[in-house]
Amino acid sequence: MVPTLTVVETVLDEKTDCASCNCLIVLCFSGVLYSCEKQKPPPPAPPPPAAAQVRTHPGRGNNTPAAAMPPVATFSYFSALVRRPPPPRFRRLLVAAARAHSTSGASQARGGLPRFHSPSLPSSKGEVVRIQGDEFWHMTRVLRLGIHDRVELFDGAGGLVEGSIQKVDKNGSDVELLENARLIAPQGIQWHVFAAFGTLKGGRADWLIEKCTELGASSVTPLLTERCHTIAENRVDRLQRLVLAAVKQCQRVHDMSLKPPIQIHDLSLVVAQSKLAFLASAEAPPVLTVLPNSSNEESGLLIIGPEGDFTEEEVNVLKAAGAVPVGLGPCRLRVETATISLLSALMLWSDARQQERQQCR
């Protein structure tokens with residue numbers, strides 16, 4: 001069956017030159033095609049007789065009709081319509097509709113208001129925060145937010161506040177606070193990850209950093225060992241950007257800190273000062289059997305070796321400092337897999353302990 005097009009005729013000024021009025025626009029969201037009265041095309045030619053539309057198919061018999069093709073004039077006219085740009089008045093309506101759709105979708109995808117990072121937050125209602133750089137681009141170009149749209153701002157240190165966009169220019173946007181800023185304290189044990197991921201390739205280090213952020217790690221420190229003795233400086237800059245993107249995606253209010261690389265000897269001094277330090281080891285007891293029944297510590301350490309594992313001397317240094325070896329199953333794991341597996345187990349364990357303490361109160 002030939003597809004039909006709904007044509008709406010608009011009234012134009014008689015003095016307007018139809019060839020330059022640019023009044024014909026493309027197909028709108030509603031499926032209605034707008035056309036100029038003076039450019040109304042002639043009615044399409046009637047379809048050929050039914051007998052001329054009958055074709056035969058091999059193996060189906062000679063009297064099996066094929067599907068009728070629409071006239072060529074219909075497609076030619078429609079192609080000409082699509083190629084013409086919309087007039088300014090309809091273009092503004094289309095942009096507004098697209099922005100409204102994008103804004104609602106972004107808000108629903110996050111389960112609330114879109115959230116943006118600001119290095120500093122005022123504390124009082126009515127004050128204005130200037131958003132610039134990548135956050136401004138994300139706000140106005142990606143999510144297409146505009147004046148009077150509501151957003152959330154956070155500073156990465158626990159500060160969170162709701163605001164409304166009051167001004168947008170080419171360099172940034174001004175957000176007015178709709179409430180006093182709230183300060184949210186960290187919850188549960190703060191886990192610090194020490195992983196030898198400097199030699200990982202193919203985006204595996206990016207994946208490790210992103211997932212550590214989503215799972216709630218407090219910090220990640222590149223570990224330098226005999227088999228992983230360096231990490232590129234340009235990679236550190238890229239990982240910092242990944243951390244911020246992951247913090248926003250998972251709705252954290254505290255940034256995950258990406259710290260400078262550390263040597264095994266310096267790490268042993270940190271381990272000696274911690275009462276919760278776990279070392280991923282292939283021949284150690286399973287992690288769930290090693291975890292204590294309860295703990296009142298505020299922080300803990302996870303230590304994961306490089307590809308090829310720690311040397312025997314490095315393992316002895318960490319164990320002598322107080323690190324507890326834990327196993328992650330019978331399979332040999334990559335660095336990033338072992339990191340996420342151990343962090344997931346410890347996060348679930350510490351969350352369960354925290355809920356038990358809250359119920360006891």
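Trainee: Which residue is the bridge partner of Val151 in strand 6?
Mentor: That's Gly163. Keep in mind that we're looking at a predicted model.

Trainee: What makes strand 5 and strand 6 a pair?
Mentor: Two strands count as paired once there are at least two bridges between them. Strand 5 (residues 150-154) and strand 6 have five bridges, in the antiparallel sense, so they pass that test. They also form a hairpin, with four residues between the strands. Gly156 sits in that turn and has a positive phi of about 85 degrees.

Trainee: How do you know that strand 8 is paired with strand 6 too?
Mentor: Two bridges join strand 6 to strand 8 (residues 182-183). The cut-off is at least two, so that pairing counts. These strands run antiparallel, and the partner of Leu160 in strand 8 is Arg182.

Trainee: And which way does strand 7 pair with strand 6, parallel or antiparallel?
Mentor: Antiparallel, over five bridges, with strand 7 covering residues 173-177. Ser164, for one, has Glu176 as its bridge partner in strand 7. A hairpin of four residues links strand 6 to strand 7.

Trainee: What makes strand 6 mostly covered?
Mentor: Count its residues: strand 6 spans 159-168, and seven of the 10 are buried.

Trainee: On to the rings. How many aromatic pairs turn up in the whole structure?
Mentor: Two. In one of them, Trp191 and Phe278 sit 6.2 Å apart, centre to centre, with 45 degrees between the planes.

Trainee: Why does the pair of Trp191 and Trp349 get the tilted label?
Mentor: Here the centres are 6.4 Å apart and the planes are at 55 degrees, so this pair is tilted. Trp349 belongs to helix 9 (residues 335-360), so the link spans parts that are 158 residues apart in sequence.

Trainee: Which residues have the most contacts inside the largest nonpolar core?
Mentor: Trp191, Val193, Phe197, Ile209, Cys212 and Ile304, in a core of 38 residues. Among the elements that each supply at least two residues are strand 9, helix 4 (204-215) and strand 14 (299-304). Helix 9 gives the largest share, nine residues.

Trainee: What does Val193 touch, leaving out residues up to four places away in sequence?
Mentor: Its contacts include Cys212, Ala217, Val220, Leu302, Ile304 and Leu343. Apart from this core lies another, of 16 residues, including Ala196, Ile264, Leu301 and Ala321.

Note on methods. Residues are numbered from 1 along each chain as its sequence is written. This is a predicted model: local features need pLDDT of at least 70, side-chain atom pairs count only at pLDDT 80 or more; totals for chains, interfaces and linings use all residues. Side-chain values use heavy atoms; hydrogens and water are left out. Rings of Phe, Tyr and Trp (its six-membered ring) pair if their centres lie within 6.5 Å; planes under 30 degrees apart count as stacked, over 60 as edge-to-face and the rest as tilted. Buried means under 20% relative accessible area, exposed over 50%, partly exposed in between (1.4 Å probe, protein chains only). A nonpolar core is a set of buried Ala, Val, Leu, Ile, Met, Phe, Trp, Tyr and Cys residues joined through side-chain atoms within 4.5 Å. Contact means heavy atoms within 4.5 Å.
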